[in-house]
Structures are given as structure tokens and as C-alpha cells.
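I opened the notebook today to record, step by step, what I looked up in this structure. My entries follow the order in which I checked things.

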Amino acid sequence: MSLSIATWNVNGIRARKDIFIDWLKVNSPDILCLQEIKCVNDDFPNQEIEELGYNCYINGQKSFNGVAILSKYELTKITFNLDENDEDEQARFIEAILELPNNSNIIINCIYLPNGNPYPSEKFNYKLRWMDKLIARAKVNISKEIPYIILGDFNIIPTENDVYDYTRWTDDALFRIEAKKKFRELCNLGLYDAHAFMNNNNVDYTHWDYQGGAWEKNHGIRIDHILLSASACSNIYKFNTDSETRSLEKPSDHVPVLASFHINQAQ
DNA sequence: ATGGTAGCTGGGCTA
């Protein structure tokens, strides 16, 4: 069997609702992680999504942030706190366990990592602290030795090749060395950027600013990522960045990133 | 150097 997963920062689920539902009907991933839903749980459009065969797991917040996981399979052990000993005032995290029909389990983390601008600032410090907590959680999850996937808006430009002109981004929180180092620290635990294995040397930006004609000039950045534990990574067979959605009417400034995996029948 | 756009909201903040 096969499992398809995706991540999309929709920048307001209510503002995006029509193109979002259309996209979901066409693409229909088994699991979809959303960021920046920008609404409280009660304002999330559950009904239309459930009619398409999804369960909705929502960590909403008024006005800002907010994440959700949509899944065709029922998920268990839902957690909304990245650090269970220190509650985050901002809704940026969901962890869930996917129990597949073949009785194998997968840990899913949906993240909206803090932007951190401007640099330097308390916001940047919050970003680094948040990354430390993510690293700590990833260590625990990796030690469980089952497939583990982190999907979301990382607000990290990993390399000079992931931005149209890195010289303009040297003091931006998305490209600061302190943030990139923590991203590498996370990867060095044994997590692999799906893009690195599957991109065929495409650039695959995932975000183009609304300002300054960034889309028309292709002034993009690659900040939405799918990180895979070793066992998940071995089974990936498809990866794509759906940049066409950036051309839609009233688009998000981010586009979806999708991956598909083979799932062994017997484990 | 400034302001450029969008979402949520009903200011100004966030990105």
C-alpha cells in the first residue's frame, strides 16, 4: 500500500477556503498538515473537509498562527504542546500517531516554526528556544525507532541554493546562521530532508512574498520542509512542490509540498 | 531609506 502526505501554510483557512477545498478534492493526500489557519477551532471549516473523508485535528488560535492535521485515517495520541512542561502561548504544534491498517505506526509532527524577525530581537530568541524544544522532542521520537515525519513551515532557508539571492538575506531570521545551525542539529539526529533525495536538482521554492512582485520575478525561498526518519526516508517514492497554486486567485504566499511512501504489507 | 501586499480585525500586529 501507499501513503501520501503533504504540508501547506494556507495563510488563513477562511480566506483560502474556496481554493483550498478545490485543491483538496483534486490532490486528496492521506494526511495534510496545515499552518497559519488563523482561526479558533470553532471557526475551522470542519464540515466541508469531513465530507471529503477527513478527520480534523485542530490547534487553533485567534488571529494568528494555528495548525491542523487532516487525515483520512483516524489519528491517536494527539498532543498540542511541543514541550509538555512549558505551555506555548502560540499554537504552532501538533503531534499525532498514525496507526496504519498493517498495524505499523508513524509519528507525525505538524509544525509552524516561529519566523523570528527582526534579528536581533526577543522574537528571534523565541525562535531559537522553540527549535531547542523541537530538537529535544525529536530526540525522544527518534529513540522510539518507528517511522517519524516532521512536516511544516520551518521558516528556515537551509542553504544558499534555497533562496533567489542569499546576499539579501544575510541578516534575516530565516537565513541567520544561528537558526540554520539548529536546523542542521535537528537533521543530524537522523532526519532527512525529503527534497534532497527527490528534487532532481530543481530549486522548488515554497514561498513567494506578496510584496514587490516576488512571484512574477521568481523571488522565492524554500522554507516548507518534510523531514523523515531513516525508515520513512527509505520508503519515499514521490515528492513534489505544487507551485501552480501560487498562480491561483487570492493565493496563499506558500505552496503545498507533497510526498508519497510505500508502506510494507507486513511488518 | 522607504514602502511595497495580505489576513485578521476593527488598532496595529504579524509575516
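**Entry 1, the open sheet.** I began with six strands that form an open sheet, in the order β3-β4-β2-β1-β14-β13, with mixed pairing. I noted that β3 (55-59) and β13 (236-241) stand at the edges with a single partner strand each, so one side of each is left without a neighbour in the sheet. From one strand to the next the twist averages 10°, where axes are lines fitted to C-alpha atoms, for helices over the stretch in contact, and angles run from 0 to 180 degrees between N-to-C directions. For the terms, helices (H or I, at least four residues) and strands (E, at least two) are DSSP runs numbered from the N terminus, and two strands pair if DSSP finds at least two bridges between them.

The model is predicted: local features need pLDDT of at least 70 and side-chain atom pairs count only at pLDDT 80 or more, while totals for chains, interfaces and linings use all residues. Residues are numbered from 1 along each chain as its sequence is written, and chains are lettered from A and ligands numbered from 1 in the order in which they are written.

Is strand β12 (residues 224-229) mostly covered or mostly open? I found six of its six residues buried, a residue being buried if 20 or more other C-beta atoms, placed from the backbone, lie within 10 Å of its own. On one side these are Asp224, Ile226 and Leu228, and on the other His225, Leu227 and Ser229. Strand β8 (residues 148-153) pairs with β12 in the antiparallel sense over five bridges, and there Gly152 has His225 as its bridge partner. Strand β9 (residues 191-193) also pairs with β12 in the antiparallel sense, over three bridges, and Tyr192 stands opposite Leu228.

Notes. Buried ≥ 20, exposed ≤ 12 C-beta atoms within 10 Å, placed from the backbone.
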